[in-house]
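Thanks for making time, everyone. I'd like to walk you through one structure today, so please take a look at it with me.

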Amino acid sequence: MTRVAAIDCGTNSIRLLVADAHPETGELTDLDRRMTIVRLGQGVDRTGRLAPEALERTFAACREYAAVIKEHGAERLRFVATSASRDAENRDEFVRGVLDILGVEPEVITGDQEAAFSFTGATKELTGRDDLAKPYLVVDIGGGSTEFVVGDDRVRAARSVDVGCVRMTERHLVVDGAVTDPPTEEQVAAMRADIEAALDLAERTVPLHEARTLVGLAGSVTTVSAIAQDLPEYDSARIHHSVVSRDRVREITERLLHSTHAERAAVPSMHPGRVDVIGAGALVLLSIMDRIGAEEVVVSEHDILDGIGWSLA
(Lines give C-alpha, C1' and ligand atoms only; values in the text may rest on other atoms or scores of the structure.)
Protein backbone atom coordinates (compact mmCIF):
# COMPACT_ATOMS: atom_id res chain seq x y z
CA MET A 1 0.00 0.00 0.00
CA THR A 2 1.30 3.45 -0.94
CA ARG A 3 0.13 6.77 0.47
CA VAL A 4 -0.23 9.24 -2.39
CA ALA A 5 -1.11 12.91 -2.77
CA ALA A 6 -2.66 14.36 -5.91
CA ILE A 7 -3.18 18.04 -6.63
CA ASP A 8 -5.31 19.36 -9.48
CA CYS A 9 -4.86 23.06 -10.16
CA GLY A 10 -7.45 24.42 -12.57
CA THR A 11 -8.69 27.81 -13.70
CA ASN A 12 -11.09 28.34 -10.82
CA SER A 13 -10.04 25.98 -8.03
CA ILE A 14 -7.15 23.97 -6.64
CA ARG A 15 -7.91 20.60 -5.07
CA LEU A 16 -6.04 18.06 -2.98
CA LEU A 17 -6.55 14.32 -2.52
CA VAL A 18 -4.48 12.30 -0.05
CA ALA A 19 -5.27 8.60 -0.26
CA ASP A 20 -3.93 5.12 0.33
CA ALA A 21 -3.37 3.40 -3.01
CA HIS A 22 -3.64 -0.38 -3.19
CA PRO A 23 -1.34 -1.50 -6.03
CA GLU A 24 -2.93 -4.91 -6.56
CA THR A 25 -6.48 -3.63 -6.94
CA GLY A 26 -5.85 -0.02 -7.96
CA GLU A 27 -8.26 1.11 -5.24
CA LEU A 28 -7.96 4.45 -3.49
CA THR A 29 -9.00 5.01 0.13
CA ASP A 30 -9.51 8.72 0.81
CA LEU A 31 -7.75 10.24 3.80
CA ASP A 32 -8.23 13.91 2.94
CA ARG A 33 -10.04 15.61 0.05
CA ARG A 34 -10.39 19.39 -0.09
CA MET A 35 -10.94 22.25 -2.51
CA THR A 36 -10.06 25.95 -2.46
CA ILE A 37 -11.38 28.55 -4.92
CA VAL A 38 -8.33 30.56 -6.03
CA ARG A 39 -9.47 31.82 -9.48
CA LEU A 40 -5.99 31.31 -10.94
CA GLY A 41 -7.40 32.07 -14.39
CA GLN A 42 -8.54 35.56 -13.40
CA GLY A 43 -8.17 37.71 -16.52
CA VAL A 44 -6.07 35.18 -18.48
CA ASP A 45 -8.47 35.13 -21.42
CA ARG A 46 -8.09 38.92 -21.74
CA THR A 47 -4.42 39.52 -20.76
CA GLY A 48 -2.70 36.21 -21.51
CA ARG A 49 -1.00 36.39 -18.09
CA LEU A 50 -1.58 35.07 -14.57
CA ALA A 51 -2.44 37.99 -12.29
CA PRO A 52 -0.14 38.57 -9.26
CA GLU A 53 -3.05 38.36 -6.81
CA ALA A 54 -4.26 35.11 -8.43
CA LEU A 55 -0.78 33.61 -8.07
CA GLU A 56 -0.62 34.62 -4.41
CA ARG A 57 -4.03 33.04 -3.67
CA THR A 58 -2.84 29.85 -5.34
CA PHE A 59 0.49 29.80 -3.48
CA ALA A 60 -1.34 30.33 -0.16
CA ALA A 61 -3.45 27.23 -0.89
CA CYS A 62 -0.28 25.31 -1.83
CA ARG A 63 1.27 26.16 1.54
CA GLU A 64 -1.85 24.84 3.31
CA TYR A 65 -1.79 21.67 1.22
CA ALA A 66 1.93 21.13 1.88
CA ALA A 67 1.16 21.00 5.61
CA VAL A 68 -1.66 18.46 5.06
CA ILE A 69 0.56 16.25 2.87
CA LYS A 70 3.32 16.30 5.48
CA GLU A 71 0.86 15.52 8.28
CA HIS A 72 -0.41 12.42 6.46
CA GLY A 73 3.07 11.29 5.42
CA ALA A 74 2.32 10.88 1.71
CA GLU A 75 5.13 9.05 -0.11
CA ARG A 76 4.33 10.25 -3.63
CA LEU A 77 2.99 13.57 -4.89
CA ARG A 78 1.85 14.60 -8.32
CA PHE A 79 0.77 18.17 -9.12
CA VAL A 80 -1.17 18.65 -12.35
CA ALA A 81 -2.01 22.08 -13.74
CA THR A 82 -4.62 22.58 -16.43
CA SER A 83 -6.21 25.22 -18.61
CA ALA A 84 -5.19 28.60 -17.15
CA SER A 85 -1.53 27.73 -16.69
CA ARG A 86 -1.39 26.27 -20.21
CA ASP A 87 -2.52 29.58 -21.67
CA ALA A 88 -0.43 32.03 -19.61
CA GLU A 89 2.71 33.78 -20.85
CA ASN A 90 4.17 33.91 -17.33
CA ARG A 91 3.53 30.30 -16.36
CA ASP A 92 7.24 29.93 -15.41
CA GLU A 93 6.53 32.16 -12.41
CA PHE A 94 3.76 29.76 -11.39
CA VAL A 95 6.02 26.72 -11.84
CA ARG A 96 8.81 28.21 -9.70
CA GLY A 97 6.40 29.11 -6.89
CA VAL A 98 4.89 25.63 -6.72
CA LEU A 99 8.33 24.01 -6.80
CA ASP A 100 9.52 26.17 -3.90
CA ILE A 101 6.48 25.34 -1.75
CA LEU A 102 5.79 21.69 -2.53
CA GLY A 103 9.11 20.41 -3.84
CA VAL A 104 7.62 19.13 -7.09
CA GLU A 105 7.27 20.82 -10.44
CA PRO A 106 3.69 21.18 -11.66
CA GLU A 107 2.96 19.23 -14.81
CA VAL A 108 1.23 21.58 -17.21
CA ILE A 109 -0.65 18.86 -19.07
CA THR A 110 -2.28 18.92 -22.47
CA GLY A 111 -6.03 18.86 -22.93
CA ASP A 112 -5.84 15.25 -24.10
CA GLN A 113 -3.96 14.22 -20.94
CA GLU A 114 -6.49 16.11 -18.84
CA ALA A 115 -9.31 14.25 -20.60
CA ALA A 116 -7.70 10.85 -19.99
CA PHE A 117 -7.26 11.54 -16.26
CA SER A 118 -10.87 12.74 -16.01
CA PHE A 119 -12.20 9.64 -17.77
CA THR A 120 -10.24 7.27 -15.53
CA GLY A 121 -11.27 9.05 -12.35
CA ALA A 122 -14.94 9.22 -13.32
CA THR A 123 -15.49 5.72 -14.73
CA LYS A 124 -13.20 3.44 -12.72
CA GLU A 125 -15.89 2.63 -10.16
CA LEU A 126 -18.71 2.38 -12.74
CA THR A 127 -17.25 -0.88 -14.06
CA GLY A 128 -19.75 -3.73 -13.76
CA ARG A 129 -22.86 -1.55 -13.41
CA ASP A 130 -25.57 -2.98 -15.67
CA ASP A 131 -27.81 0.10 -15.45
CA LEU A 132 -25.34 2.39 -17.27
CA ALA A 133 -24.88 1.64 -20.95
CA LYS A 134 -21.56 2.09 -22.70
CA PRO A 135 -19.90 3.94 -24.25
CA TYR A 136 -19.70 6.77 -21.74
CA LEU A 137 -19.35 10.42 -22.63
CA VAL A 138 -17.45 12.08 -19.78
CA VAL A 139 -17.63 15.88 -19.75
CA ASP A 140 -15.42 17.80 -17.33
CA ILE A 141 -16.67 21.40 -17.22
CA GLY A 142 -13.81 23.39 -15.74
CA GLY A 143 -13.13 27.07 -15.31
CA GLY A 144 -11.23 27.62 -18.54
CA SER A 145 -11.98 24.56 -20.65
CA THR A 146 -14.28 21.59 -21.02
CA GLU A 147 -12.98 18.10 -21.77
CA PHE A 148 -15.02 15.61 -23.80
CA VAL A 149 -14.06 11.94 -23.62
CA VAL A 150 -15.85 8.98 -25.20
CA GLY A 151 -14.86 5.49 -24.12
CA ASP A 152 -15.94 2.21 -22.62
CA ASP A 153 -13.17 0.46 -20.68
CA ARG A 154 -10.64 2.88 -22.13
CA VAL A 155 -10.57 6.23 -23.90
CA ARG A 156 -11.61 6.05 -27.56
CA ALA A 157 -11.56 9.76 -28.39
CA ALA A 158 -10.97 12.99 -26.47
CA ARG A 159 -10.95 16.73 -27.07
CA SER A 160 -10.49 19.79 -24.90
CA VAL A 161 -12.18 23.04 -25.96
CA ASP A 162 -11.85 26.50 -24.49
CA VAL A 163 -15.26 26.92 -22.91
CA GLY A 164 -15.44 26.88 -19.12
CA CYS A 165 -17.48 28.70 -16.51
CA VAL A 166 -14.85 31.35 -15.75
CA ARG A 167 -13.79 31.93 -19.37
CA MET A 168 -17.41 32.26 -20.57
CA THR A 169 -18.31 34.58 -17.70
CA GLU A 170 -15.32 36.87 -18.27
CA ARG A 171 -15.73 36.84 -22.05
CA HIS A 172 -19.47 37.52 -22.19
CA LEU A 173 -20.90 38.65 -18.87
CA VAL A 174 -18.36 41.16 -17.53
CA VAL A 175 -18.91 44.85 -18.32
CA ASP A 176 -16.61 47.55 -16.88
CA GLY A 177 -15.01 45.02 -14.56
CA ALA A 178 -18.24 43.70 -13.04
CA VAL A 179 -20.46 40.73 -13.82
CA THR A 180 -23.83 41.85 -15.24
CA ASP A 181 -26.46 41.09 -12.64
CA PRO A 182 -28.44 39.38 -14.11
CA PRO A 183 -27.11 38.95 -17.67
CA THR A 184 -29.00 40.41 -20.62
CA GLU A 185 -30.63 38.17 -23.22
CA GLU A 186 -28.02 39.40 -25.74
CA GLN A 187 -25.16 38.35 -23.43
CA VAL A 188 -26.65 34.91 -22.89
CA ALA A 189 -27.21 34.48 -26.63
CA ALA A 190 -23.57 35.37 -27.37
CA MET A 191 -22.38 32.94 -24.71
CA ARG A 192 -24.62 30.20 -26.08
CA ALA A 193 -23.26 30.78 -29.62
CA ASP A 194 -19.70 30.48 -28.31
CA ILE A 195 -20.54 27.19 -26.57
CA GLU A 196 -22.23 25.82 -29.72
CA ALA A 197 -19.14 26.66 -31.79
CA ALA A 198 -16.99 24.79 -29.27
CA LEU A 199 -19.30 21.77 -29.47
CA ASP A 200 -18.91 21.83 -33.26
CA LEU A 201 -15.15 21.74 -32.70
CA ALA A 202 -15.37 18.88 -30.21
CA GLU A 203 -17.52 16.83 -32.59
CA ARG A 204 -14.77 16.87 -35.20
CA THR A 205 -12.74 14.61 -32.91
CA VAL A 206 -15.16 12.98 -30.49
CA PRO A 207 -18.26 11.01 -31.62
CA LEU A 208 -20.53 12.67 -29.08
CA HIS A 209 -23.72 11.09 -30.41
CA GLU A 210 -22.39 7.54 -29.95
CA ALA A 211 -22.50 7.94 -26.17
CA ARG A 212 -25.16 6.04 -24.24
CA THR A 213 -24.43 7.45 -20.78
CA LEU A 214 -23.47 11.06 -20.04
CA VAL A 215 -21.24 11.48 -16.98
CA GLY A 216 -20.73 15.05 -15.74
CA LEU A 217 -17.82 16.24 -13.62
CA ALA A 218 -16.58 19.28 -11.72
CA GLY A 219 -18.11 22.05 -9.64
CA SER A 220 -20.66 23.43 -12.09
CA VAL A 221 -22.23 19.99 -12.55
CA THR A 222 -22.12 18.99 -8.88
CA THR A 223 -23.64 22.34 -7.88
CA VAL A 224 -26.49 21.86 -10.36
CA SER A 225 -27.11 18.44 -8.77
CA ALA A 226 -27.13 19.96 -5.28
CA ILE A 227 -29.68 22.56 -6.42
CA ALA A 228 -31.77 19.89 -8.16
CA GLN A 229 -31.96 17.94 -4.90
CA ASP A 230 -32.69 21.08 -2.82
CA LEU A 231 -29.87 20.12 -0.47
CA PRO A 232 -29.65 22.25 2.70
CA GLU A 233 -25.86 22.23 2.26
CA TYR A 234 -23.31 20.79 -0.13
CA ASP A 235 -23.29 17.02 0.48
CA SER A 236 -20.77 15.02 -1.58
CA ALA A 237 -22.27 11.66 -0.62
CA ARG A 238 -25.72 12.63 -1.96
CA ILE A 239 -24.31 14.31 -5.05
CA HIS A 240 -21.97 11.47 -6.10
CA HIS A 241 -23.71 9.28 -8.71
CA SER A 242 -26.94 11.29 -8.49
CA VAL A 243 -28.91 11.59 -11.73
CA VAL A 244 -30.38 14.87 -12.99
CA SER A 245 -32.86 15.07 -15.87
CA ARG A 246 -32.39 17.46 -18.79
CA ASP A 247 -35.67 19.22 -17.94
CA ARG A 248 -34.39 19.89 -14.41
CA VAL A 249 -31.02 21.12 -15.74
CA ARG A 250 -32.89 23.49 -18.10
CA GLU A 251 -35.07 24.82 -15.27
CA ILE A 252 -32.06 25.42 -13.01
CA THR A 253 -30.00 27.03 -15.79
CA GLU A 254 -32.81 29.46 -16.64
CA ARG A 255 -33.22 30.34 -12.97
CA LEU A 256 -29.47 30.95 -12.50
CA LEU A 257 -29.18 33.08 -15.64
CA HIS A 258 -32.11 35.27 -14.58
CA SER A 259 -31.18 35.69 -10.92
CA THR A 260 -29.14 38.32 -9.13
CA HIS A 261 -25.85 37.78 -7.33
CA ALA A 262 -27.67 37.94 -3.99
CA GLU A 263 -30.24 35.34 -5.06
CA ARG A 264 -27.56 32.92 -6.26
CA ALA A 265 -25.48 33.48 -3.12
CA ALA A 266 -28.51 32.59 -1.00
CA VAL A 267 -28.65 29.05 -2.44
CA PRO A 268 -27.62 26.87 0.56
CA SER A 269 -25.38 24.52 -1.45
CA MET A 270 -23.61 27.27 -3.42
CA HIS A 271 -19.88 27.76 -2.80
CA PRO A 272 -19.17 31.52 -2.60
CA GLY A 273 -16.51 31.17 -5.30
CA ARG A 274 -19.07 29.85 -7.80
CA VAL A 275 -21.76 32.50 -7.40
CA ASP A 276 -20.66 34.59 -10.40
CA VAL A 277 -19.75 31.70 -12.72
CA ILE A 278 -22.40 29.04 -12.05
CA GLY A 279 -24.83 30.38 -14.68
CA ALA A 280 -22.24 29.95 -17.43
CA GLY A 281 -21.28 26.49 -16.17
CA ALA A 282 -24.89 25.33 -16.08
CA LEU A 283 -25.41 26.64 -19.63
CA VAL A 284 -22.43 24.61 -20.87
CA LEU A 285 -23.98 21.46 -19.32
CA LEU A 286 -27.42 22.16 -20.78
CA SER A 287 -25.97 22.87 -24.23
CA ILE A 288 -24.15 19.52 -24.20
CA MET A 289 -27.30 17.66 -23.18
CA ASP A 290 -29.31 19.38 -25.90
CA ARG A 291 -26.64 18.66 -28.52
CA ILE A 292 -26.49 14.89 -27.90
CA GLY A 293 -30.10 14.43 -26.82
CA ALA A 294 -29.17 13.18 -23.35
CA GLU A 295 -32.25 12.92 -21.15
CA GLU A 296 -30.17 12.76 -17.97
CA VAL A 297 -26.67 13.20 -16.62
CA VAL A 298 -24.94 10.97 -14.06
CA VAL A 299 -23.04 13.25 -11.69
CA SER A 300 -19.65 12.16 -10.37
CA GLU A 301 -17.61 13.65 -7.56
CA HIS A 302 -14.65 11.60 -8.81
CA ASP A 303 -12.81 13.17 -11.68
CA ILE A 304 -9.35 14.29 -12.80
CA LEU A 305 -8.12 14.38 -9.18
CA ASP A 306 -8.90 10.68 -8.76
CA GLY A 307 -7.34 9.96 -12.16
CA ILE A 308 -4.11 11.58 -10.96
CA GLY A 309 -4.31 9.45 -7.82
CA TRP A 310 -4.79 6.27 -9.87
CA SER A 311 -1.69 7.14 -11.89
CA LEU A 312 0.37 7.04 -8.68
CA ALA A 313 -1.11 3.66 -7.69
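Before I go on, a word on what we're looking at. This is a predicted model, where local features need pLDDT of at least 70 and side-chain atom pairs count only at pLDDT 80 or more, while totals for chains, interfaces and linings use all residues. Residues are numbered from 1 along each chain as its sequence is written, and side-chain values use heavy atoms, with hydrogens and water left out.

Okay, back to Arg76. You'll find Arg76 in strand β4; helices (H or I, at least four residues) and strands (E, at least two) are DSSP runs, numbered from the N terminus. Arg76 is partly exposed, with a relative accessible area of 42%. On that scale, buried means under 20% relative accessible area, exposed means over 50%, and partly exposed is in between, with a 1.4 Å probe and protein chains only. Now, what does Arg76 touch once we leave aside its neighbours within four places in sequence? The list is Thr2, Arg3, Val4, Ala5 and Leu312, where contact means heavy atoms within 4.5 Å. Ala5 sits 71 residues from Arg76 along the chain, yet their C-alpha atoms are separated by 6.1 Å.

Let's zoom out to the domains. The domain assignment gives us domain 1, residues 2-109, and domain 2, residues 114-299; bounds like these come from an automatic or database assignment. Between the centres of domain 1 and domain 2, taken over C-alpha atoms, there are 22 Å. On the contact itself, domain 1 puts in 19 residues and domain 2 puts in 15.

How much area is buried between domain 1 and domain 2? About 1300 Å², with carbon and sulfur atoms giving 49% of that. Buried area here is the accessible area (1.4 Å probe) that two parts lose on being put together, summed over both. For salt bridges across this interface, the rule finds zero; the rule asks for a side-chain nitrogen of Lys or Arg within 4 Å of a carboxyl oxygen of Asp or Glu. What the two domains do have is three residue pairs in polar contact, both residues at pLDDT 80 or more. A polar contact is a pair of N or O atoms within 3.5 Å; within protein, one must be able to donate a hydrogen and the other to accept it, and residues adjacent in sequence count only if both atoms are side-chain atoms.

On the side of domain 1 that touches domain 2, β3 (27-37), α1 (44-47), β4 (76-81) and α3 (83-87) each supply at least two residues. The top contributor to that side is α3, with three residues. Sorted by class, that side of domain 1 has five nonpolar, nine polar and five charged residues. For the classes, Ala, Val, Leu, Ile, Met, Phe, Trp, Tyr, Cys and Pro are nonpolar, Asp, Glu, Lys and Arg are charged, and the others, Gly among them, are polar.

Next stop, helix α8, residues 219-228. Why do we call α8 largely enclosed by the rest of the structure? Because ten of its ten residues are buried. Among them are Val221, Val224 and Ile227. Ala218 has a positive phi of about 85 degrees although it isn't a glycine, and Ala218 counts as buried at 14% relative accessibility. After α8 comes Asp230, whose phi is positive too, near 55 degrees.

Then there's Arg248, in helix α10, residues 246-257. Is Arg248 buried or exposed? It counts as buried, at 19% relative accessibility. A polar atom of the Arg248 side chain lies 3.2 Å from the backbone oxygen of Ala228, and a 2.8 Å polar contact joins the side chains of Arg248 and Glu251. Not counting residues up to four places away in sequence, Arg248 touches Ile227, Ala228, Asp230 and Arg255.

Last, some backbone details. The peptide bond from Lys134 to Pro135 is cis, with omega near 0 degrees, and Pro135 is in the loop between α5 (111-123) and β6 (136-141). Asp181 to Pro182 is also a cis peptide bond, with omega near -5 degrees; Pro182 lies in the loop between β10 (178-179) and α7 (185-203).
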